[in-house]
Amino acid sequence: MATLGDIGVAATINILSAFAFLSAFAILRIQPINDRVYFPKWYLKGLRSSPLQTGTLVSKFVNLDFRSYLRFLSWMPAALQMPEPELIDHAGLDSAVYLRIYLIGLKIFIPIACLGFAVMVPVNWTNKTLEHSKLKYSNIDLLSISNVPLGSNRFWTHLVMAYVFTFWTCYVLKREYEIVAAMRLHFLASEQRRPDQFTVLVRNVPPDPDESVTQLVEHFFLVNHPDHYLTHQVVNNANKLSELVNKKKKMQNWLDFYQLKYSRNPARKPSTKTGFLGLWGKTVDAIDFYTSKIETLKKESLFVKDLHLKLKQYNPYISLERDKVMSSGKSVIPAAFVSFKTRWGASVCAQTQQTRNPTLWLTDWAPEPRDVYWDNLAIPFVSLTIRRLIIFVAYFFLTFFFMIPIAIVQSLANIEGIEKALPFLKPIIEVKVIKSFIQGFLPGIALKIFLIFLPDILMLMSKFEGFISRSALERRSATRYYIFLFINVFLGSIITGTAFQQLDNFMHQSANDIPKTIGTSIPMKATFFITYIMVDGWAGVAGEILRLKPLIIYHLKNFFLVKTEKDREEAMDPGTVGFNTGEPQIQLYFLLGLVYAVVTPFLLPFIIVFFALAFVVYRHQIINVYNQEYESAAAFWPDVHGRIITALVVSQLLLMGLLSTKEAAQSTPLLITLPILTIWFHRFCKGRYEPAFVRYPLQEAMMKDTLERAREPNLNLKSFLQIAYIHPVFKEVEECESDPASEESDQEPVLIPTKRQSRMNTPLPSKHSGSMTSLG
């Protein structure tokens, strides 16, 4: 078993690793040549100019100001200086609220750690239970609940502390839920006008033999929302066209590469092979080959984004082809983005049922244009249920069968497992330094490597399910990632650790003693989780700020592909916060902290260090690096709150099971009360604060509309909305064709003539006509 010395070795290794990453970052970030890698957000905002444009030749690439090297940690206080309101204006509410998750960790665990070390550690340590037992244990286990004798009155201390920790956690959660809900409402009320405030997404538009989808949508909303309907944009399946455009961009990159190569050495014209990845096939002129490929793609797609300089010249031809694609029966999907004259009108439509058939004309708030995941809009609505069933089954098998290799890895990533698998290494492993490294570092890094591809797999699953916004994709992936971590990393590590490490004890004791051994072994896994926190939390967060992969890719692109400033901007990879991977990992630390707060308080300082370091690092990244792809106004917060509540309930249930093996059954009735109170608290918060995250109050919408009409009485809202939800492939054509002189009509809308002979979509006569027959 690992000792305090082994943990010290692991802590030293991870502290040195983190310090090395931070030191490398501090040096690389101040080099002029790396400025776009470590400050891309400011370049995207147009608030920073490249230092390569001024100074001597050497100073353009290397920072010659040696005083700046002495201030290598100056980025830390700088990251904390920006006030939260300014941070929201700079990076958005999503990023600011995401940082509050780390603050919640500090608010919860610092007081709990102080109480734990002041009360729990002395109660646990002043016993001799493990010393007199035959179980394997470490020095850390002497500080845990495992060291308290069976039936001891000292368990009342653990019971009281469980209540104290629960009440404190609930208090912090309630305060944060209240603050974040107020921040969201304030943000929605004060932010600038956005298309999604006026727009709903309508899906499952029923087919009509006499009208096209666009005619049907316009007619339906003119009849049923006559005072508020403004315009709409039908959804087109442009996935094939998008593939052609992306393929053309890749070909253009290769062409740029060979043209740049040729310009540097005109004496030798570059060549390539026509086979896969240019590895085999006929040798041809590279520039001519990729030029012909691009010309072929241009003819195939008829419109590519990079032809914007020729749009006006060929606009009639491209527009004709675009209209053909958008109006084709095969490309038009029974869905549309419908915009209204007011936020109030959009709120009413998004939050009400449109027809007596609840499966038709389904309306919901439209994601903001940046948030739309266009590929999934082409998925038929009726297939979504089947897709989600398929993914549910696939995720079930992925989660539970993944436990088998994790068990194998965990059994091998320790001294006993390695010596059994590779007995010839035993003399080397028994060397004190190597033994400490294996016990204090290897299990955590092995598990970290094993999970490296999991987020990408879960994101592919979410995309297959058909979610139509990037934020929904990330939230669903985050939920699945958290469940996976809970089952395989938390429960799996405890169960497999118990099964492998205590196998000898199970074989030599009666069946009645096995539950006691399991109850004692659960806190013994604290050693493994401490190493995991240091590897994943300390070194992992420090590695995040180094941005080694984006640094290498940027310089490769800069050397081989970049010819203009626009190319250099496109070579930057600012990245995003990565909610689908970051938030579940944070929640794992909440789970570990709450579970081990009563059982092994010694783990808490390691979690506190993680939350503090991660808060500073990610605040710096959000200010200087990350460029968030969308803004959901902190719509993810109910998920964050719910997962912390789940961790709290799990900690209470595990404590209940643990005390039952300690002959402390008299405490069980009091412990049962805790999860009941916690679930009641969650339901209270859900009813009190969650509506602010799933609905938009009509009162807020009316206030915003009234203020806007007073400030901008001549606002041309239609021109603002009519091209907001056009597929990106068509966006530039629409911008060229948009008529700036178009004006919004203030008159009552006139119902369009319809060819439809039936009434199945508008069963009631409209107020503009006595009956539907007058419209024909």
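Author: A residue counts as buried when its relative accessible area is under 20%. In this predicted model, R194 has 13% relative accessibility and therefore counts as buried.

Reader: With which residue does R194 form a salt bridge?

Author: The partner of R194 is D196, and their closest N and O atoms are 2.8 Å apart. D196 is also buried, since its relative accessible area is 9%.

Reader: How many salt bridges does the structure hold?

Author: There are 17 salt bridges in the structure. Among them is the pair of E176 and K107, at 2.6 Å from N to O. E176 belongs to helix α8 and K107 to helix α7, so this pair ties together parts that are 69 residues apart in sequence. E176 is buried at 2% relative accessibility, whereas K107 is partly exposed at 35%.

Reader: Which residues are linked in a network of salt bridges?

Author: Such a network links R193, R343, D705, E708 and E712.

Reader: Which residues of α9 are buried, and against which elements do they pack?

Author: The buried residues are L216, V217, H219, F220, F221, L222 and V223. The buried residues of α9 pack against the elements β1, β2, β5 and α13.

Note on methods:
Residues are numbered from 1 along each chain as its sequence is written. This is a predicted model: local features need pLDDT of at least 70, side-chain atom pairs count only at pLDDT 80 or more; totals for chains, interfaces and linings use all residues. Side-chain values use heavy atoms; hydrogens and water are left out. Buried means under 20% relative accessible area, exposed over 50%, partly exposed in between (1.4 Å probe, protein chains only). Helices (H or I, at least four residues) and strands (E, at least two) are DSSP runs, numbered from the N terminus. Contact means heavy atoms within 4.5 Å. A salt bridge is a side-chain nitrogen of Lys or Arg within 4 Å of a carboxyl oxygen of Asp or Glu.
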